[in-house]
Amino acid sequence: MKLFHVSQEKNIKLFEPRIPTRTELDQSKGLVWAVAENCLPNFLTPRNCPRVAYYATSKTTESDIGKFFSSKDQLYCVAIENKWWEVMTNTTLFLYEFDPKNFYLQDKVAGYYVSEKVEKPIQVTAINNLLEKQFALHVEIRMLENLWGLAEAVKQSTLNWSLCRMKYAQKNNVSV
């Protein structure tokens, strides 16, 4: 299993545990966050880019596959707003790979793993073309004016999904 931290910052030497900002998590101990390789596409966007990411599993219905994907060959999708296109094409991200020995699963669907220890990356890789990397991972990219209708639809589906940075999304003017 490979675990990564994705950042726009280069040259991070050590990752110090931080107290989670999410109130539903234990705030008495700091954590270093990482994402499993299978959920990496969720994070191959600029940091504050709102996105709806979803993928099919063995529990996904054929109806949902037909509704949410343009091809049965690509059963992972990341949707972003049109206005993020230029930022997406001009951002470099850095993948910090970790030794997984100190990490434990925090959220299976999102692919989140956490460590309570200071972590030193074992490798760093720059990604200069985010779209090319997504395509290499067989991810369908969708460009939408507004993400809210899609977000509501995937929440009602049989897909595994993740809504990231939605506080930066266009206001919901779309009826669902």
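1. A definition to start with: two rings of Phe, Tyr or Trp (its six-membered ring) count as a pair if their centres lie within 6.5 Å. With that in hand, here is a cluster to find on screen: F15, Y96, F98 and F103 belong to one aromatic cluster. Please keep in mind as you look that this is a predicted model.

2. How many aromatic pairs are there in total? By this rule the count comes to eight. One of them is F15 with Y96, whose ring centres are 5.3 Å apart; their planes stand at 70 degrees, and planes over 60 degrees apart count as edge-to-face, so this pair is edge-to-face. The two partners come from distant parts of the chain, 81 residues apart: F15 sits in the loop between β1 and β2 (32-36), while Y96 is in strand β5. Both F15 and Y96 are buried.

3. Another pair worth a look is Y55 with Y76, and this one is stacked: the centres are 5.1 Å apart and the angle between the planes is 15 degrees. Here too distant parts of the chain are linked, with Y55 in strand β3 (residues 51-55) and Y76 in strand β4 (residues 76-81), 21 residues apart. Buried is the word for both Y55 and Y76.

4. Now for the sheet. Six strands form an open sheet in the order β6-β7-β2-β1-β5-β8, and the pairing is antiparallel. Which strands are at the edges? They are β6 (104-107) and β8 (123-127), each of which pairs on one side only. From one strand to the next, the twist averages 40 degrees.

5. A handy landmark is F4, which stands opposite E97 in β5. Strand β5 also carries Y96, the residue that pairs with F15 in point 2.

6. E140 deserves a friendly flag. This residue is in strand β9, and E140 is buried yet has no salt bridge. Where is the nearest side chain of opposite charge? That is R142, 4.7 Å away, whereas a salt bridge needs a side-chain nitrogen of Lys or Arg within 4 Å of a carboxyl oxygen.

7. You will find T45 in the loop between β2 and β3. Why does T45 count as buried? Its relative accessible area is 2%, and the cut-off for buried is under 20%. The side chains of T45 and R51 are joined by a polar contact of 3.1 Å.

8. Lastly, two backbone angles to check. Most residues other than glycine have a negative phi. H138, which is not a glycine, has a positive phi of about 65 degrees. This residue is in the loop between α3 (130-136) and β9 (140-144), and H138 counts as exposed because its relative accessibility is 52%, with the cut-off for exposed being over 50%.

9. R165 also has a positive phi, near 55 degrees, and is likewise a residue other than glycine. Look for R165 in the segment after β10 (160-164). Is R165 buried, exposed or partly exposed? Its relative accessibility is 26%, so R165 counts as partly exposed.

Key: Residues are numbered from 1 along each chain as its sequence is written. This is a predicted model: local features need pLDDT of at least 70, side-chain atom pairs count only at pLDDT 80 or more; totals for chains, interfaces and linings use all residues. Side-chain values use heavy atoms; hydrogens and water are left out. Helices (H or I, at least four residues) and strands (E, at least two) are DSSP runs, numbered from the N terminus. Buried means under 20% relative accessible area, exposed over 50%, partly exposed in between (1.4 Å probe, protein chains only). Two strands pair if DSSP finds at least two bridges between them. Axes are lines fitted to C-alpha atoms, for helices over the stretch in contact, and angles run from 0 to 180 degrees between N-to-C directions. Rings of Phe, Tyr and Trp (its six-membered ring) pair if their centres lie within 6.5 Å; planes under 30 degrees apart count as stacked, over 60 as edge-to-face and the rest as tilted. Lys and Arg count as positive and Asp and Glu as negative; His and the chain ends are not counted. A polar contact is a pair of N or O atoms within 3.5 Å; within protein, one must be able to donate a hydrogen and the other to accept it, and residues adjacent in sequence count only if both atoms are side-chain atoms.
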